[in-house]
Amino acid sequence: MQPSKGRPRGGGAGQESRVEPLDGHEPVPAEEAGQLRYDDPWYDALASGWGESSDGAQAQPVVPSARTEGDAEAATAAAADVYLEVQRSAAFQEVRRRYRKFVVPASVGFFTWYVGYVVTATTAPELMARPVAGAVNVAMVAGLGQFLSTFLLTWAYARHARLRRDRAALELRWDTQELTRGVSGGAS
């Protein structure tokens, strides 16, 4: 139950009450309580720096000029040409080749390991029930091996991406953005 803070208990039927904030500021009339104030703790635009200039004044947003339908279609077509050009480039093909070179064998190997575990568990239960150490049997070890191999494959994929593809892919991304920005006239 919340404290009354010295207010009379009751529904306040018919009387307009004042909203009393708990942060020590002056009470606000009920009709103003629903309006957004700059000192409202839930209003974070000023705290994040958006819409402010260095002197604290509200900066006017920059609104790009309106494009006509023909301009938008031309910019879209030109941007599509840029993406096709990048896709055909040797750098893009190299990134894709490196990706496939890791992902295809890793996927085939993992899928084979998983299906092998399931098939062995269903067709050779006596093998899976063979004890390894105490109550731990082959099925438990293989099941934990499934989890371990998932984590190892995830780590290997992230390492491969970081070392062999990320830098080239980022350069392609920046080049593509620069080309599309040049084609669309500076507006993204």
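A salt bridge here is a side-chain nitrogen of Lys or Arg within 4 Å of a carboxyl oxygen of Asp or Glu. This is a predicted model, where local features need pLDDT of at least 70 and side-chain atom pairs count only at pLDDT 80 or more, while totals for chains, interfaces and linings use all residues. Residues are numbered from 1 along each chain as its sequence is written, and side-chain values use heavy atoms, with hydrogens and water left out.

Let's start with the charged pairs.

| Pair | Distance | Helix and spacing |
|---|---|---|
| Arginine 97 – glutamate 94 | 2.6 Å | H4, three residues apart |
| Arginine 98 – glutamate 94 | 3.0 Å | H4, four residues apart |
| Arginine 181 – glutamate 178 | 3.1 Å | H6, three residues apart |

Helices are DSSP runs (H or I, at least four residues), numbered from the N terminus. Helix H6 covers residues 138–183. Glu94, Arg97 and Arg98 are linked in a network of salt bridges. Arginine 97 is partly exposed at 38% relative accessibility (buried means under 20% relative accessible area, exposed over 50%, partly exposed in between, with a 1.4 Å probe and protein chains only). Glutamate 94 is partly exposed at 27%, and so is arginine 98 at 28%.

Now for a nonpolar feature. Phe111, Tyr114, Val115, Val118 and Val119 make a nonpolar surface patch of about 430 Å². Patch residues have over 30% relative accessible area and no salt bridge, with like charges joined within 9 Å and nonpolar side chains (Val, Leu, Ile, Met, Phe, Trp, Tyr) within 5 Å; areas come from the Shrake-Rupley method with a 1.4 Å probe, and for residues only the protein chains shown count as cover. Tyrosine 114 lies in helix H4 (residues 90–123) and is partly exposed at 41%.

Conventions:
Helix = DSSP H or I, 4+ residues; strand = E, 2+ residues; numbered from the N terminus.
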